[in-house]
Amino acid sequence: IESGYATHAYSRAAAVGLWQFIASTGRGYKLRVDWWVDERRDPELATDAAISYLTDLHKQYGHWYLAWAAYNAGPGRVNRGIRNHNTRDFWTMVRKSSFRPETDNYVPKMLAAAIIGKHPERYGFEGVVRQEPMEHDTVTVPPNVGIDVLARCAGISVDDFRSINPHLRRWA
């Protein structure tokens, strides 16, 4: 729903990665975002950050629909909707135009994805072959090591190295 699983997805609101974090929210959840590295594009780190962010939003609003709406539109917009319409009911807020159409549709898309994910065969997804998780090692290297050198050390092409390290923005 966020990105179509594209690590390099980029929205008009400058949200980036699988979980479509804007830079300030990403940094607030300990993701490095600078000229060299953009961890919003790291599937593992960004997923952990998204789980933490959604957990915090759920604690704040006490309901998943409002947490998802806040994830999509921002907590400020949800807070304004609650204040302006004196309700915490997502559907009432939609009817009263508290959100943009993207957010109005975001929560139903989340619900649909969850329902399909729980019972894929009911919705025509039969014979889905689940992939095994990719095995990988995490290695810390000193700064200023070229990606070409790292790829060679890993025994893979530079393109393959970049595809499994989408958070690295430069040549080193």
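## Overall layout

From the N terminus on, the elements of the protein chain run α-α-α-α-α-α-α-α. That makes eight helices and zero strands. The model is a predicted one. Its C-alpha atoms fill a box of roughly 60 × 40 × 25 Å, taken along the principal axes.

The protein chain has 172 residues, and 34% of them are buried. Take the contacts between residues at least 6 apart in sequence: 41% of these join residues at least 24 apart.

## Surface and charge

The side chains include 22 positive and 19 negative ones. The centres of the two sets lie 12 Å apart.

Gln 20 sits in the segment before α1. Its relative accessibility is 15%, so Gln 20 counts as buried. The phi of Gln 20 is positive, near 50°. Most residues other than glycine have a negative phi.

## A buried glutamate

The loop between α1 (23-28) and α2 (43-61) holds Glu 39. This residue is buried, yet Glu 39 has no salt bridge. How far away is the nearest side chain of opposite charge? That side chain belongs to Arg 32, and the distance is 5.9 Å. A salt bridge needs a side-chain nitrogen of Lys or Arg within 4 Å of a carboxyl oxygen.

Leave aside residues up to four places away in sequence. Glu 39 then touches Lys 30, Leu 31, Arg 32, Leu 45, Ala 46 and His 167.

One of these partners, Leu 45, is found in helix α2. At 36% relative accessibility, Leu 45 counts as partly exposed. Not counting residues up to four places away in sequence, Leu 45 touches Leu 31 and Glu 39. Leu 45 and Tyr 29 are 16 residues apart in sequence. In space, they are 9.7 Å apart, C-alpha to C-alpha.

## Helix α3 and its cover

Helix α3 spans residues 64-73. Which of its residues are buried? They are Leu 66, Ala 67, Trp 68, Ala 69, Ala 70 and Tyr 71. What covers them includes α2, α4 (75-85), α5 (90-95) and α6 (101-118). After α3 comes Gly 74, with a positive phi near 100°.

## Between α4 and α5

Asn 86 takes its place in the loop between α4 and α5. Asn 86 is exposed, with a relative accessible area of 73%. Its phi is near 50°, a positive value in a residue other than glycine.

Gln 20 also has a phi near 50°. Gln 20 is buried at 15% relative accessibility, whereas Asn 86 is exposed at 73%.

## Helix α7: two faces

Helix α7 covers residues 147-154. Ile 147, Leu 150 and Ala 151 are buried there. Seen down the axis of α7, these buried residues fall within an arc of 100°, so they line one face of the helix. They pack against α8 (158-164).

Which exposed residues does the face turned away from the buried side carry? Arg 152 and Cys 153 are found there. Gly 155 follows α7, and its phi is positive, near 75°.

Conventions: Residues numbered from 1 in each chain as written. Predicted model: local features only at pLDDT ≥ 70, side-chain atom pairs only at ≥ 80, totals over all residues. Heavy atoms only, no water. Buried < 20%, exposed > 50% of the residue type's maximum accessible area, 1.4 Å probe, protein only. Helix = DSSP H or I, 4+ residues; strand = E, 2+ residues; numbered from the N terminus. Arc of directions from axis to C-beta. Contact = heavy atoms within 4.5 Å. Lys, Arg positive; Asp, Glu negative; His and termini not counted. Charge placed at Lys NZ, Arg CZ, Asp CG, Glu CD.
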